[in-house]
Amino acid sequence: MSHPNWKRVVIKVGSALISPNQQGCSSHYLLSIAQFIVRCRANGTQVVLVSSGSVAAGAHLFPEQEKSNIAVKKAMAAAGQTEMIATWDRLFDFPSAQMLLTHADLRDRERYVSIRETIFSLLDHNVLPIVNENDTVTTDKLKVGDNDNLSAMVAAAADADALIICSDIDGLYDKNPHEHDDASLLKTVESIDASIYAMAGGAVKGGVGTGGMRTKIEAAEKAVSHGIDTYIINGFTELSFNMLLAGENPGTHFKPYEKPMKENVHWMTHTSNAQGEVIVEGDFDESLVRDSEQLTSSEIIDVKGEFSVGDTILVRKEDGTKLVKAKSNYSSCLLNFIANQENDEFASEFEEKTGPIISDQHVANLEKE
Ligand SMILES: Nc1ncnc2c1ncn2[C@@H]1O[C@H](COP(=O)(O)OP(=O)(O)O)[C@@H](O)[C@H]1O
Ligand SMILES: N[C@@H](CCC(=O)OP(=O)(O)O)C(=O)O
């Protein structure tokens, strides 16, 4: 078979490949990945690298008994990050660039657009973007938490054709092969449903990986709904990369949706987290899904959480049915205030002047889609 016709790919490299023994970085397994990147570029394919490994690489600098402390883990990430970037950079004779992101960056539409533009500028100038989560500044509320999901968000932002997740295992098995001798490898996944998630276990306990297969399936789900071919492959062996370049599947291939979501709907669904919820009357759902600007304070039963103007909110019914995710033009405080007004006229006059609570431009239909 001939080499694949990719315009742009995102390659995600797991910690075990970068820091196999947690004593800094090793180029042992990175050499064949770097070679693959060089060959992709020679074929005219643009490459974005998402690299884990900063925590594992920095681990040896800190005492064993302190490593579970969050502040120390962040220090490990900060120290390991420079070594990880330097190790990659040494393997290429073209320039690379470090991009450190958090979920707070990706879920903010303006910052997301800025990230996209930076990726495209780097690629246009033949610079290899190397992305990782900015572990030193994250909190539970601000982080993606694993680089599998991060790589899928980056692949969507970069409009990639393929996402290649390089792991320490051949792909997705029907059960965790580290626990079941009779596990068998899935070569192709046509669609991702609960039965696929049920196959996935977590990472090896005490190992360097985060999330195991579960986060890889989450990543695949995000990517395929954007029309991105997704592979989980064994990054330890050069054969995986030779097969990919020959147009063959060396691991598990997740097939992309034939009709991918529109870019802004995908971002709203898979990248932007809802910061709060608006609960609406049960009989209002149909008109809301047809025309989101129909939502006025008179249909709102409750407002949950704290959100600001521009944040993404989830609109749902009292029974829990999710209707739409949308950008709110009102803060939770203001929405609570007008929804609780006895005088309906005041609220409708206010909304007429201020504009719709959510607008049709930033809305994603959920279960009703
Ligand atoms: N169904 C499964 N198929 C394959 N691997 C699985 C499965 N369930 C759990 N795993 C575990 O997921 C691990 C890979 O994830 P992880 O350790 O997070 O690696 P990485 O650092 O590449 O992200 C495998 O080594 C394996 O232990
Ligand atoms: N940001 C972290 C990566 C965490 C992570 O997802 O690791 P992995 O499961 O090995 O891809 C680091 O650089 O160590």
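How many nonpolar, polar and charged residues does the shell around ligand 1 have? In this predicted model, the shell around ligand 1 comprises nine nonpolar, 11 polar and four charged residues. In total, 24 residues surround ligand 1, and S167, D168, H178, G201 and K216 are the closest of them. Helix α9, which spans residues 212–224, supplies the largest share of this shell, namely three residues.

| Residue (polar backbone atom) | Distance to a nitrogen atom of ligand 1 |
|---|---|
| Y173 | 3.0 Å |

Turning to the fold, an unreviewed UniProt entry carries the annotation "domain: Aspartate/glutamate/uridylate kinase" for residues 7–234. This span is 41% helix and 17% strand, and the C-alpha atoms at its ends lie 23 Å apart.

Eight strands make up an open sheet with mixed pairing, and their order is β3-β4-β2-β1-β5-β7-β8-β6. At the edges of the sheet are β3 (96–101) and β6 (188–189), each of which pairs on one side only. Within the sheet, strand β7 (residues 229–234) pairs with strand β8 (residues 252–254) in the antiparallel sense, over three bridges, and Y231 has H253 in β8 as its bridge partner.

Key. Residues numbered from 1 in each chain as written. Chains lettered and ligands numbered in written order. Predicted model: local features only at pLDDT ≥ 70, side-chain atom pairs only at ≥ 80, totals over all residues. Heavy atoms only, no water. Near = heavy atom within 4 Å. Polar contact = N/O pair within 3.5 Å; in protein donor to acceptor, adjacent residues only side chain to side chain. Helix = DSSP H or I, 4+ residues; strand = E, 2+ residues; numbered from the N terminus. Nonpolar A, V, L, I, M, F, W, Y, C, P; charged D, E, K, R; others polar. UniProt positions renumbered as here; feature names shortened; annotations may be inferred. Pairing = 2+ DSSP bridges.
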